[in-house]
Amino acid sequence: MSFINVNEIKIYENQVKEHDILKQIIATRDQEDAFYILDLGDVIKKHRNWLKKMPRVVPHFAVKCNPDPMVIKILAAMNASFDCASQQEIEQVMQYGVTPDKIIFANPTKSPSHIKFAKSVGVDKMTVDNELELFKIKNLFPEAKIIIRFRCDGNSNHPRFISLGVKFGCDPGDEANKLIQFSKNLGLTLHGFSFHVGSSCYDFKAYACGIEICKKLITFAKSIGCKDIKLVDIGGGFPGEIEFQIDELSHIINDAIEEIDPNIQVISEPGRYYVASAFTLASYLHSKKTMLEEKGLRHAYYVNCGVYTGFIEELLNLNSRHPISLFNQPVSDKKYSSTLWGQTCDSYDCIIKDGLLPEFQIGDWLVWSNMGAYTISLSSTFNGFMLPQVHPFIRKSQWQDFCAIIRCDVNN
């Protein structure tokens, strides 16, 4: 708890709504800059719900999804574990008291200096998916605990789904068996197996498929004398938007891991699940153009955030969010052909290219939900525009519950 400064967190009464919080920030700061509000209670709820629904699966928050310091501090205070992909991410979580045993270096291809750093701080669990990476680790960190990552892509038609198997993961058949044998021949410690079904995967059966492959690989590894298998990592890809409920997925995973040796730890690498719904973005509409086209009026809006400051998924055609006006309710249900641009001079900086929106006015504040995943972490100050500030908050009863969990003084 010593890493959490209560002065950095705004505590509200339980009945206060998010839109009231946004309005208060705008009014008290007299600002035009876009900003996030971070609902820490939502992050805490997600963590507790995971532990309740999947008690055997130890979540390791994927830092790459959202490295906001307050997210890391809150999870660290709850004794959570972390998935790190670089020296910088390891350094970030360890500065908040996270111990090496709660970190997995889950990047299958690592720079030599990063491996040396991991060794120097005692982070010894690391993934590999090829022979040359095993050679590298043998030379730089022979005491490391090796986790072989195999490919297990989900079959999802969801628009936000991203397959990661095109970049990482060995073939789960002969290639995986060869890596098992090779790690043994090198005298390395084979610690376990991992897979990743892909980001925003709604093909929940893919997790069960990956777990079954893990079981087969464990059997093979033990048959050739690898007796130190202690880990199964089911990766990430778990959705985290407001509407997502984890129940169906948890039932599938719990059933799939039931027969795994209880001496083998099962972990996961959720990122989006923890933070997607916890962040809400407010953006100021500073300019507007109206054009008369053959099909009628067309509005072009310009706001002070864009694809370089939060909406990278729109640039990649992975998402299509629509905002609501914070202060001005539409005078009618009529919608107009509209384009919504970001604040830079780049024509790629387009949040909504051709959508139907109610008419907005200059001075409106537009509100966007589900803005916590791969927004802050993929933002830049391109064209000299600063990143939106994050305002963490929590409701009073949630703060009291949190302090009770970590045995802290609610008034400190």
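A search of the whole structure turns up two cavities of 30 Å³ or more. The structure is a predicted model.

**Largest cavity**

- The volume of the largest cavity is about 50 Å³.
- Its lining is made up of Ala106, Thr127, Arg149, Ser194, Phe195, His196, Asp233, Gly235 and Glu269.
- Sorted by class, the lining of the largest cavity has two nonpolar, four polar and three charged residues.

**Second largest cavity**

- The second largest cavity has a volume of about 30 Å³.
- Gly306, Val307, Tyr308 and Thr309 are among the residues that line the second largest cavity.
- Gln343, Thr344 and Asp349 also belong to the lining of the second largest cavity, as do Ser380, Thr381, Phe382 and Phe385.
- The lining of the second largest cavity counts four nonpolar residues, six polar and one charged.

**Helix 6 and helix 7**

- Two packed helices are described by the angle between their axes and the distance between the axes.
- The crossing of helix 6 and helix 7 is right-handed.
- On the helix 6 side, the contact involves Glu131, Leu134 and Phe135.
- On the helix 7 side, the contact involves Leu179, Phe182 and Ser183.
- The residues of this contact between helix 6 and helix 7 are four nonpolar, one polar and one charged.

Technical notes
Residues are numbered from 1 along each chain as its sequence is written. This is a predicted model: local features need pLDDT of at least 70, side-chain atom pairs count only at pLDDT 80 or more; totals for chains, interfaces and linings use all residues. Side-chain values use heavy atoms; hydrogens and water are left out. On a 1 Å grid over the protein atoms alone, a cavity is a set of points where a 1.4 Å probe fits but cannot get out, and a pocket is an open set with protein on both sides within 12 Å along at least five of seven lines; lining residues have an atom within 4 Å of a point. Grid points are joined across faces, edges and corners, and a volume is the space filled by probe spheres set on the points. Ala, Val, Leu, Ile, Met, Phe, Trp, Tyr, Cys and Pro count as nonpolar, Asp, Glu, Lys and Arg as charged, and the others, Gly among them, as polar. A crossing is left-handed if the near helix is turned anticlockwise from the far one by less than a right angle, and right-handed if clockwise. Helices (H or I, at least four residues) and strands (E, at least two) are DSSP runs, numbered from the N terminus. Contact means heavy atoms within 4.5 Å.
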